[in-house]
Amino acid sequence: PPPPPPPPPPSDEVAAGDDAATLELVWQLQQEEEARQREREEGEARLASIPAADDDAESIALAIRLQQQEDDEALRAALGPAGAALLANEGEGDDEREGAVSPSQYSYETLVRLGEALGEVSRGASANAVGSLRTLSLCEARADSGVRLGDKCSICCMEWEEGDSLRVLPCGHAEHVECLGEWLKRSKACPLCAKEIPAE
């Protein structure tokens, strides 16, 4: 079955500024872990419905445990020491989990604390990469055959006006300097063709 639709956006007081990106990452990790858990449960249910010899059942159970351990180790490695320690502390004294570390088993508040412990994950371009992009006036951009200029800025949807300063991406698309600056803080990709800008 397809994954459930994303939850509604968090309230204004939580989603302010950098918290929104952190919460989005935490939510994405939780959704991925829930999908893996559903896959495991479905696999276990399918295996339980198949008549098998005792040796086969033991081998399958061992394979499932080993896969769970591998998933847990990968999660700990991705979270780093601070995140793994936070999850380990949250799991203490919970007999149901038997030591398993999984974000899908934690409350929203725990996931928020995990996001605070890990800090912000930036998916945007570096300031150096943005600074290395060409900046042209509207007249210069129109005269340059290498610039792919639409009727308006694709980010703010405002039509070009004389005196506008444009920043040109490596793919040739140009947008307002300010608009593209804000866009590139969140994404390394062109808003029109999705081609990423080089790291530096």
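Ala194 counts as exposed, at 52% relative accessibility (exposed is over 50%, buried under 20% and partly exposed in between, using a 1.4 Å probe and protein chains only). The model is a predicted one, in which local features need pLDDT of at least 70, side-chain atom pairs count only at pLDDT 80 or more, and totals for chains, interfaces and linings use all residues. Residues are numbered from 1 along each chain as its sequence is written, and side-chain values use heavy atoms, with hydrogens and water left out.

**View 1. Ala194 and Cys157 each have a positive phi without being glycine.** Look for Ala194 in the segment after helix H6 (177-186); its phi is near 70°. Helices (H or I, at least four residues) and strands (E, at least two) are DSSP runs, numbered from the N terminus. Now turn to Cys157, in the loop between helix H5 (138-143) and strand S2 (165-168). Its phi is about 65°. Cys157 is partly exposed, with 47% relative accessible area.

View 2. A salt bridge is a side-chain nitrogen of Lys or Arg within 4 Å of a carboxyl oxygen of Asp or Glu.

**View 3. Glu33, Arg36 and Arg40 form a network of salt bridges.** Arg40 is buried, with 13% relative accessibility. If you search the whole structure, you will find six salt bridges.

**View 4. Glu162 and Arg142 are joined by a salt bridge.** Their closest N and O atoms lie 3.2 Å apart. The pair links distant parts of the chain, 20 residues apart: Glu162 is in the loop between H5 and S2, and Arg142 is in helix H5. Glu162 is exposed, at 55% relative accessibility.

**View 5. Asp164 is buried yet has no salt bridge.** You can find Asp164 in the loop between H5 and S2. Which side chain of opposite charge is nearest to Asp164? That is Arg142, 7.7 Å away.

**View 6. Glu39, Glu41, Glu42 and Glu44 gather in a patch of negative charge on the surface.** One of them, Glu44, lies in helix H1 (residues 18-49) and is partly exposed at 37% relative accessibility. Patches take residues with over 30% relative accessible area and no salt bridge, joining like charges within 9 Å and nonpolar side chains (Val, Leu, Ile, Met, Phe, Trp, Tyr) within 5 Å. Areas come from the Shrake-Rupley method with a 1.4 Å probe; for residues, only the protein chains shown count as cover. Lys and Arg count as positive, Asp and Glu as negative, while His and the chain ends are not counted. Each charge is placed at NZ of Lys, CZ of Arg, CG of Asp or CD of Glu.
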